[in-house]
Amino acid sequence: MLTKTSFQGKLTKTENLFIPFLVAGDPSPELTIQFALRLQEEGADVLELGVPYSDPLADGPTIQRAAQRALKSGMSLRKAIELVPKLRENGLEIPVVIFTYYNPVLQIGHEEFFNLLEQNGVEGLLIPDLPFEESEEIRTQSEERNIEFISLVAPNSDQRIKQIAEHAKGFLYCVSSLGVTGERKEMSSEALSFIEKVRQHSQVPVAVGFGISSNDHVQLVRNHADGVIIGSKIIRLIESQLETIEEGRMDVALEHFTQEIRALVQ
């Protein structure tokens with residue numbers, strides 16, 4: 001009998017998933033915790049915790065600005081991972097996926113990196129710029145440490161969909177469009193048919209990200225996939241409250257954020 005991973009143990013359902021993305025340390029580590037707890041209260045099933053990086057491949061301007069704010073607050077790969085136990089101490093119960101580019105992992109070294117993930121109770125890992133064909137070592141180490149390595153599949157992955165989907169763990173991150181992250185006005189029919197194609201091959205929940213920025217988008221994705229991943233929109237909601245936060249009115253900022261999240265995903 002296969003033993004459940006800690007990720008699977010904390011994931012309470014496999015349909016209608018809400019997976020928000022936050023940049024660790026934006027605008028401060030303490031506030032990252034507060035926003036994460038509010039997201040959990042509003043039904044988040046998994047938290048993607050992004051490690052700020054100075055030269056991102058797939059991040060649009062909104063997440064780039066968040067990364068810059070986080071880097072200014074002193075955030076790093078190590079500190080982002082060490083934020084996970086603090087999230088737990090404050091009441092976060094859902095699985096946490098560390099979202100990082102590969103270069104910081106390479107700099108810290110695989111062994112030290114996985115020691116940190118394991119010591120700090122991280123349940124999942126996602127490295128967007130590590131191609132599937134080059135990920136075997138990381139996938140193996142993840143499995144050995146009881147950590148779910150989250151795979152991405154994009155519209156230009158057409159010939160590799162089946163292979164990527166068959167190796168997917170936790171959930172499969174389905175990129176709805178090519179290009180960088182950011183809010184978009186609509187989702188194309190090609191994107192929807194691509195999602196359906198991915199689901200045919202996946203044994204884990206398929207969650208869709210990139211450009212999800214309205215309740216209409218959320219409802220549309222729910223009709224075609226198992227989950228919705230929202231990043232840029234959430235970061236922009238935080239960004240809109242920076243002035244209020246600087247004025248010391250954190251309760252007001254959190255309440256406004258919560259209302260907007262509720263309207264987005266209800």
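The UniProt annotation "active site", taken from an unreviewed entry, covers Glu 48 and Asp 59. Of these residues, Asp 59 is included in the lining of the largest cavity. The structure examined here is a predicted model, and the surroundings of both annotated positions were computed from it.

Glu 48 is located in strand E2, which spans residues 47-50. With a relative accessibility of 1%, Glu 48 counts as buried, because the cut-off for burial is under 20% relative accessible area. Beyond residues up to four places away in sequence, Glu 48 touches Ile 19, Pro 20, Phe 21 and Leu 22, together with Val 97, Phe 99, Leu 126, Phe 171, Tyr 173 and Ile 229. Asp 59, in turn, is found in the loop between E2 and H3. Asp 59 is likewise buried, its relative accessible area being 9%.

The largest nonpolar core comprises 91 residues, and those with the most contacts inside it are Phe 35, Leu 117, Leu 125, Phe 171, Leu 172, Ile 230 and Ile 234. Helix H13 (residues 250-265) gives the most to this core, contributing 7 residues. One of the residues with the most contacts inside the core, Phe 171, is also among the residues touched by Glu 48.

Helix H11 (residues 232-239) is largely enclosed by the rest of the structure, because 7 of its 8 residues are buried. The buried residues of H11 are Ser 232, Lys 233, Ile 234, Ile 235, Leu 237, Ile 238 and Glu 239.

Val 206 is placed in strand E8, residues 206-209. Apart from neighbours within four places in sequence, Val 206 is in contact with Leu 172, Cys 174, Val 198, Arg 199, Ala 225, Asp 226 and Gly 227. Between Val 206 and Glu 196, which are 10 residues apart in sequence, the C-alpha to C-alpha separation is 9.5 Å.

How values were computed:
Residues are numbered from 1 along each chain as its sequence is written. This is a predicted model: local features need pLDDT of at least 70, side-chain atom pairs count only at pLDDT 80 or more; totals for chains, interfaces and linings use all residues. Side-chain values use heavy atoms; hydrogens and water are left out. A nonpolar core is a set of buried Ala, Val, Leu, Ile, Met, Phe, Trp, Tyr and Cys residues joined through side-chain atoms within 4.5 Å. Buried means under 20% relative accessible area, exposed over 50%, partly exposed in between (1.4 Å probe, protein chains only). Helices (H or I, at least four residues) and strands (E, at least two) are DSSP runs, numbered from the N terminus. Contact means heavy atoms within 4.5 Å. UniProt positions are given in the numbering used here, feature names are shortened, and annotations may be inferred rather than shown by experiment. On a 1 Å grid over the protein atoms alone, a cavity is a set of points where a 1.4 Å probe fits but cannot get out, and a pocket is an open set with protein on both sides within 12 Å along at least five of seven lines; lining residues have an atom within 4 Å of a point.
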